[in-house]
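The sequence and structure come first.

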Amino acid sequence: MARNVLEKAPFSYLASLKFTVVLLLVLAFGSLLGTLFPQGLSEHELTSRYTPETLRWVSFFSLHDLYHSGWFRFLMALLAANIIVCTLQRLPKTLNLLRRKESALNPERLTKFSLRQQWSLAADPGAQREAVREMLRRSFSSFRELETSPGAFAAVAEKGRWSVLMIYVVHMSILVILLGAFIGSLFGFRGMMNIPEGSASDVVHLFGRQEAVRLPFQVRCDDFDISFYETGLPKEYRSDLTILLDGREVKRRTIRVNDPLTHEGVTFYQSSYGAFLEEAEVELRRDAGDPVRLRLPYRQPVALPGSNLRIQVMDFLENFSQFGPALGIVVWSEDGEPEGSWILADRPNFHGNRVGDYRIRVLEIKKGHYTGLQVKKDPGVWIVISGFVLLLVGLTATFYTSHRKIWLWMGPTEAGGKVLVAGKSSKNSLAFEQEFHHFCERLRSAAEAA
């Protein structure tokens, strides 16, 4: 019943080679888009890289996160269904062919093979049967004698019978690879962690999505170090990391670029670095008044002496439009609107270094460094690798092995006797033809020597 269902039109089309080719071409085109469009960009990178119109199409087709997109997963599911239905349709027929074993041989049948040899014997071949059996026994792991005409001898021998199943090993390996890719797509993630020196975090911000994943453990950056070439370009940067589980240290490791740390299937790559503001000392001066010095911890409001105002550093940039470091400072009162501006630290006389009635000069900036870790988890990667190994085995066996079969008939004639040998191979027919003729030569020699 199930087989009849699979033979119906929708399943036949799903299992057709044309559908497979079209599907593979579409998947190849999708993979090409995934290569052309950078994957895992942050929201800021997307808006700075694409125009609003382009970004709308990129977001609509999820071209910035292609391998997690619904349409690409749907194509992969279609390919899996195509392989499964194709296998279910063809495998029973293949197994029936393997199980079917001929029991009798008509010599007339052998004369219709394109690859055959025959020769005459001077005497009744009865005395040569044992030599022929021994020859077949040495050349093939097994052979079977078949029923034939009285006084004659017939046998069939074969090699590589199992090779016809190798195409299903290839099918299975592709399904294993797709399964691993699905598991990685559904349960894996790629993201970023920026951890200041001496701090710990368990939050991974995912690439291309406004989402975050919380790890079951924390990662602490004990130390971050960077060295530079004389040109000023970074030479090497490394992070001393500690894995914490419920506050307890479970692993320590120094990572560098291309030397990551892996813990519980999560891999941390040294990806970037940056500086953050710890606090700044500023001087505020009104047009007619004494200057006031304040230390401003990052993003913590501080009361402005002699007023009802509060002042806070809201943001920090290391290089504001090529003018060097700048502080985003806001001043506000309980009943007034906040006022703010970027204050250029290296240009104290810049006329824009003013917020409200106050002219602001940056006296000192105390910075810390953070390490940028790219975080990746792919629980399907070992399944994909296993499937790839299985694929290599299947392809090697499919291309370099074949089912080779030889029929032999030897019987009496009026002049003495006759030998008929025919053979066929499922592939590599040229190599099999040489093997067949070599076997016939050895068989003739063995028979004549008997």
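## Strand E17 and its partners

Strand E10 (residues 266–285) pairs with E17 in the antiparallel sense over 18 bridges. Within E17, histidine 369 is the bridge partner of alanine 275. Strands (E, at least two residues) and helices (H or I, at least four) are DSSP runs, numbered from the N terminus; two strands pair if DSSP finds at least two bridges between them. The model is predicted: local features need pLDDT of at least 70, side-chain atom pairs count only at pLDDT 80 or more, and totals for chains, interfaces and linings use all residues. Residues are numbered from 1 along each chain as its sequence is written, and side-chain values use heavy atoms, with hydrogens and water left out.

E4 and E17 also run antiparallel, joined by eight bridges. Arginine 190 stands opposite lysine 376 of E17. Strand E16 (residues 354–355) is joined to E17 by two bridges, again antiparallel, and arginine 354 has arginine 359 in E17 as its bridge partner. The hairpin of E16 and E17 has two residues between the strands, and glycine 356 there takes a positive phi near 60°.

## Domains and annotation

The domain assignment, which is automatic or from a database, gives domain 1 (1–98), domain 2 (115–161 + 402–449), domain 3 (185–272 + 372–392) and domain 4 (276–370). Between the C-alpha centres of domain 1 and domain 3 the distance is 30 Å.

An unreviewed UniProt entry places the feature "domain: ResB-like" at residues 17–339 and 357–437; positions are in the numbering used here, feature names are shortened, and annotations may be inferred rather than shown by experiment. The span 357–437 is 36% helix and 47% strand, and its end C-alpha atoms lie 104 Å apart.

## The largest pocket

Where does the largest pocket lie? Domain 1 (1–98) and domain 3 (185–272 + 372–392) both contribute lining residues, so the pocket lies between them. A pocket is an open set of points on a 1 Å grid over the protein atoms alone, where a 1.4 Å probe fits, with protein on both sides within 12 Å along at least five of seven lines; lining residues have an atom within 4 Å of a point. The volume is about 580 Å³, taken as the space filled by probe spheres set on the points, which are joined across faces, edges and corners.

Of the 25 lining residues, Tyr67, His68, Ala181, Ser185 and Asp378 lie nearest the centre of the largest pocket. Two or more lining residues come from each of helix H3 (17–36), helix H6 (70–99), helix H9 (166–187), strand E4 (189–196) and strand E17 (358–377). By class, the lining has ten nonpolar, nine polar and six charged residues (nonpolar: Ala, Val, Leu, Ile, Met, Phe, Trp, Tyr, Cys and Pro; charged: Asp, Glu, Lys and Arg; polar: the others, Gly among them).
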